[in-house]
Amino acid sequence: MGEFGNETREPHDCVVNLRRNPVKRKEKVVIGCGAGFAGDRPAAALKLLQRVKELDYLVLECLAERTLAERYRDAKSGGKGYDPRISEWMQLLLPLAVERGVCIITNMGAKSPHGAQEEVLQIASKLGLSIKVGLAYQSSVSEKEVDNQLKLVDSDVSVYLGAAPIVECLERHTPDVLITSRVADASLFLGPMVFELGWNWNEFPLLAQGSLAGHLLECGCQLTGGYYMHPGDKHRNITFQNLLETSLPFAEITFDGTVSVAKAEGTRGVLNFSTCAEQLLYEVGDPSSYITPDVIVDFQDVTFQSLSESKVLCSGAKPSIECLPEKLLLLKSKDIGWKGWGEISYGGYGTVQRAKAADYLVRAWMEELYPSISINIASYIIGQDSLKATCAGDILSKPCEDIRLRMDGLFEKEEHAIQFTKEFTALYTNGPAGGGGISTGSKKENFLEKELVGREYVHWQISATRNNKISSTDPNSSLAVREQKLQHESNSPSVPVRREIIYESSKESIATGSQLCAAPAGQKIPLYDVAHSRAGDKGNDLNFSIIPHYPPDIRRLKMIVTPKWVKEVLSPLLNPSSFPDPDDMERRDRWINEHVKVEMYEARGIHSLNVVVRNILDGGVNCSRRIDRHGKTISDVVLCQQVVLPP
């Protein structure tokens, strides 16, 4: 395939430089989220493109810590190093995106943006489309050694870049598709806002509102009813059909920083105060200091006002006291060991007792070969305590005629992991009666270690390549469509205008869908009756929200949901097995007291709590031995707790 128009710019470091005479191209930019994670649905993104004709950009956010670690392993073994589904996405989306002049921005480039670019160009050629594919990517990372000499460390590290490379690429190349390496999620969306609306890097109030929009959009349908519907909660019990017809979200951002999030008209799902509140606190840690490479945002006073069933006004994001982080977050890939696992099912009478016997045998067989190695093994019973929602003492007392034991070990050596799978398989003839459906596996695991790196040591580059020469005078070319769009919607493009954000928010920003009233006092009720929640992870840390259905209940919730209460509820997560002995429990409690820390934050604008639990996720998503590596189910583990609210 012939390629033309390749141009690469000199590398830039990540020190912030103000834009020179930024141009306001639009009064309003419309940005959609087509993917909220690597496993999202291309068909849903196509529906958003079809339904929202005013879209200017479609962002595909497909890179997280787990998928980045996978791309590292892939690249090291001679694989692609970029998202293997990029072909599937582009074949479906490119024809309509090019026709509409919608620019696709995605972080699918991961560790190999150039490889991703080549594949997209080939797809476009097969589709008969002439497009330009831009790149904005980390080109090198250095560290200062003892003798003050700089050493390149780029091969196994990724730095969370900000929006600047995206803005530069849009400004220089006007690509149809823009592929990045690791860019902070919110920055993927902030880039086109800065470019189109003429913002500058020192306009922190605008960057804060723009980052709010990006953060709300970044997880896709989580904003519009996905991951929200709950038949056990009367406040969230929407129909299956309603959930099926959920729309991916988009946002309208104006020149002065006004932000509205929306879903396509005529679609179902839910977009309201509650869905926005859940997404606002999702994985943000301290809401007064949400750190992005572009701005540190204070979300404490953010509020939401429903303008219709399909649109919500979002206001109140502002820069934190310290506006800009001096350093950037760096992820360094490190080998953590070898994972070995096995599962077996038991049915009928005495299932839990037989699982206990199987657990005992596999640990004992491993100890015969490798003394003290069983401390590396975790086990649990799927359907009983795999999510650790049950106290250890309750397991044997609960009759169950259908269970599945899973054992999961993290070992230093590959031979240990492989031997574990052999010993587990031996349960077929050497274990308790009636065990079946054994499955085992092993694989190498790597861990993304977090560090901070100075902006001056991180460099990025941009480039662009097109698969055919494009004439901007050709009315059918994608470049011409986008340029006509820009020209039609621009307003005094050469004259930057001073702007101010007004932080007034409506007092009517509370959800009104249900008949809301204070939760009863003085009686045991599940936390479900008082609040809803969403959990997420950052490395080995858990983040979950507590959002009351009736906002004034936050006062009483703060009396119940304390650091001590959180530790007591979540301590079973660190049980080594379903059958811990007193020594196991003592070791667990000692470890929790030494390592597990609970931080409580209040988001005043939405009358909610955000809880961060440090070192609770067994090492985090890339090496955890838990069936729920992300800790996402913990929100419901918390909500099912019985509480007694004070008056």
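Trainee: What is the mean pLDDT of the protein, and what percentage of its residues reach 70 or more?

Mentor: The mean is 89, and 88% of the residues reach 70 or more; pLDDT is the predictor's confidence in each residue, from 0 to 100. This is a predicted model, so local features need pLDDT of at least 70 and side-chain atom pairs count only at pLDDT 80 or more, while totals for chains, interfaces and linings use all residues. Residues are numbered from 1 along each chain as its sequence is written, and side-chain values use heavy atoms, with hydrogens and water left out.

Trainee: Where is the pLDDT below 50?

Mentor: Residues 469-477 are one such stretch, with 13 contacts in the model beyond near neighbours in sequence. Contact means heavy atoms within 4.5 Å. Residues 488-514 also stay under 50, and the model gives them 48 contacts beyond four places in sequence.

Trainee: Why is Leu331 called buried?

Mentor: Its relative accessible area is 0%. Buried means under 20%, exposed over 50% and partly exposed in between (1.4 Å probe, protein chains only), so Leu331 is buried.

Trainee: Which residues does Leu331 contact, leaving aside neighbours within four places in sequence?

Mentor: Among them are Glu65, Tyr72, Asp156, Tyr160 and Lys450. Lys450 is 119 residues away along the chain, yet the two C-alpha atoms are separated by 4.8 Å. Leu331 itself sits in strand S17, residues 327-347; strands (E, at least two residues) and helices (H or I, at least four) are DSSP runs, numbered from the N terminus.

Trainee: What volume does the largest cavity have?

Mentor: About 110 Å³. On a 1 Å grid over the protein atoms alone, a cavity is a set of points where a 1.4 Å probe fits but cannot get out, and lining residues have an atom within 4 Å of a point. Grid points are joined across faces, edges and corners, and the volume is the space filled by probe spheres set on the points. Of the 14 lining residues, the closest to the centre of this cavity are Leu573, Leu617, Arg626, Asp628 and Ile634.

Definitions and conventions: 1 Å grid on protein atoms, 1.4 Å probe; cavity = no way out; pocket = protein on both sides within 12 Å on 5 of 7 lines; lining within 4 Å.
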